[in-house]
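Please read them with the model open beside you.

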Amino acid sequence: MRRTRRLISALALPLPLLALAPLGCRDAASALGTAPAEARANAHELFGALAARFGPHARDARLDSLRLAFARSALVPRRLWDDPAIWTASTPVFREVDVAGAGTPGRYHLGVVPTLPALLRPGDYRRELRLTSLGGHDFQWTARDELAVGPVAGDDLARALGALFRAAEHGSERDVRAAYARVLPRATAQLALLFSLDTLHLAPNAAGGTDVRLSIGVHTDRLAARLPRYAKYLDKYARPTMLHLVVADTKGRDWWRLHKDDDRITIWLRVHDGALAPLAGPLAGPPARMPDSMGVRMDASTKAWIFRVGLERLHGEVTLVRDPHEKAFIARFREEPDWQLPPLVGAMLHTPLRRPFQGEGAMIALGVRDGSSAQTVVTRDYRLAVRESRIMRWFGGLGSSALGDFRRGAEEEFDRYNGDVLLAVQRDLDEAGGLTPLTPP
């Protein structure tokens, strides 16, 4: 499970930029504030904060040591429980470690801290990771990540997304491709090292709205000359990863789909008046609002030696938060999927694989919170319960092996690539409309 999540994340950060940036990027950037100068400043700080946190960074020695320990023992946490060198806080019931980061692109530092600091500047980051004993061999991981991204409001981000959708509804493939070189020349060059937009299908739907189909190619051969270890890692681990994801409402209507197979990622959307719409069915009157409660279905697998390992028919419940100062989605998984395992592994004890989905289930949430300080904060939360066993040790070994390969050179190049892409977007937006950058390059 951890391995599949890592492989998907290796492609996920630049992907939305490639898929959506040309679809009205200038209008989207203008929506990031109430006036042009404010919008440009907000866009600059937003992408600068993302580039600092997800680009190249330094880590202190203690954090490097903890990352290695967690990679080996996250699914068998009894090994970690009694090691005082790991934790910054301990009680009879839980253990906790706090991490913080700060700096600018190219000068960013992450380290273990005794207490979580305030988030005062764009790029400031903090994480609280907690391990709770549930009794016996059962433990629960919970984590909260927070990243300051400047004063841009959640409503501004929602308007920017609406501008992208509205441009897709009224644009053409030729217009979008022309916008690459005109509006985002630097970002286009960086993204082209790994991705290509092979298909962009924008077609009016007879029942209303516009159908959007994006087909994105992944080209590690282009990347190899510049970032060879990252390209090699993607060839070994990400290329054989398969993913199929569908988000649907309680009426059974699909709202969007994503499929990844080999070197191709395909996304299906339908947009109507600046908002997502159900993929099928009539649209009458105002835009259909995505319900606050949705469902997600996922199949995911990757290759381990000569076998495929993964899960099928994973069902989750998605809740959308639309408060004035908080936008978020929360996904909870309470039903065990069907597992795809090698024959001998599948014969092991099955109960520990059921444990993460019992009780409150597994959870992941992503959100944006503003209004409480000068900084808007991007948040991520997750919760996962585990029961120690032989099969969890086997899963942990798979994840540890892949993560070890990632950290032996590929991670550094992965961070460099993400930082280059995000800084390129920032500089392109700084200069949109003939404006000079807000800060020297």
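The numbered points below go from the overall fold to single side chains.

1. Overall picture. This is a predicted model. The protein chain has 14 helices and 17 strands. Of its 441 residues, 51% are buried. Among contacts with a separation of 6 or more, 65% join residues 24 or more positions apart.

2. Arginine 95. Which strand holds this residue? Arginine 95 sits in strand 3, residues 94-104. Arginine 95 is buried but has no salt bridge. Aspartate 82 is the nearest side chain of opposite charge, 4.0 Å away. Backbone oxygens are within reach instead: that of threonine 91 lies 2.4 Å from the arginine 95 side chain, and that of tryptophan 81 lies 3.0 Å from a polar atom of this side chain. Leaving aside residues up to four places away in sequence, arginine 95 touches several others, including Trp87, Ala89, Leu129 and Arg130.

3. Arginine 130. This residue has a salt bridge with glutamate 96, with the closest N and O atoms 2.6 Å apart. Arginine 130 belongs to strand 5 (residues 125-135) and glutamate 96 to strand 3, so the bridge ties together parts 34 residues apart in sequence. Are the two partners buried or exposed? Arginine 130 is partly exposed, at 26% relative accessible area. Glutamate 96 is buried, at 7%. Arginine 130 also lies over the face of phenylalanine 94, 3.8 Å from the ring centre. Arginine 53 is placed over the face of tyrosine 125, at 4.2 Å from the ring centre.

4. Helix 5. Arginine 67 and aspartate 64 form a salt bridge here, at 3.7 Å from N to O. Both lie in helix 5, three residues apart, or about one turn of the helix. Arginine 67 is buried at 16% relative accessible area, while aspartate 64 is partly exposed at 34%.

5. Other salt bridges. How many salt bridges does the structure hold? The total is 33. One of them joins arginine 166 to aspartate 273, with the closest N and O atoms 3.9 Å apart. Arginine 166 is in helix 7 (residues 154-170) and aspartate 273 is in the loop between strand 11 and strand 12, so this pair ties together parts 107 residues apart in sequence. Arginine 166 is partly exposed at 37%, and aspartate 273 is partly exposed at 43%.

6. Aromatic pairs. The whole structure contains nine. One of them, phenylalanine 70 with tryptophan 141, is edge-to-face: the centres are 5.7 Å apart, with 90° between the planes. Phenylalanine 70 is in helix 5 and tryptophan 141 in strand 6 (residues 138-148), 71 residues apart, so the pair links distant parts of the chain. Both residues are buried. The rings of tyrosine 233 and tyrosine 237 are 4.9 Å apart at their centres with planes at 45°, so that pair is tilted. Both tyrosines lie in helix 11 (residues 228-238), four residues apart. Tyrosine 233 is buried at 3% relative accessibility, as is tyrosine 237 at 5%. Tyr233 and Tyr237 are part of one aromatic cluster with Tyr230, Phe406, Phe414 and Tyr417.

7. Alanine 280. This residue lies in the loop between strand 11 (264-271) and strand 12 (293-304). Alanine 280 is exposed, at 55% relative accessibility. Its C-alpha is 8.4 Å from that of arginine 270, ten residues away in sequence.

Conventions
Residues are numbered from 1 along each chain as its sequence is written. This is a predicted model: local features need pLDDT of at least 70, side-chain atom pairs count only at pLDDT 80 or more; totals for chains, interfaces and linings use all residues. Side-chain values use heavy atoms; hydrogens and water are left out. Helices (H or I, at least four residues) and strands (E, at least two) are DSSP runs, numbered from the N terminus. Buried means under 20% relative accessible area, exposed over 50%, partly exposed in between (1.4 Å probe, protein chains only). Lys and Arg count as positive and Asp and Glu as negative; His and the chain ends are not counted. A polar contact is a pair of N or O atoms within 3.5 Å; within protein, one must be able to donate a hydrogen and the other to accept it, and residues adjacent in sequence count only if both atoms are side-chain atoms. Contact means heavy atoms within 4.5 Å. Rings of Phe, Tyr and Trp (its six-membered ring) pair if their centres lie within 6.5 Å; planes under 30 degrees apart count as stacked, over 60 as edge-to-face and the rest as tilted. A charge sits over a ring if NZ of Lys or CZ of Arg is within 6 Å of the ring centre and within 35 degrees of the ring normal.
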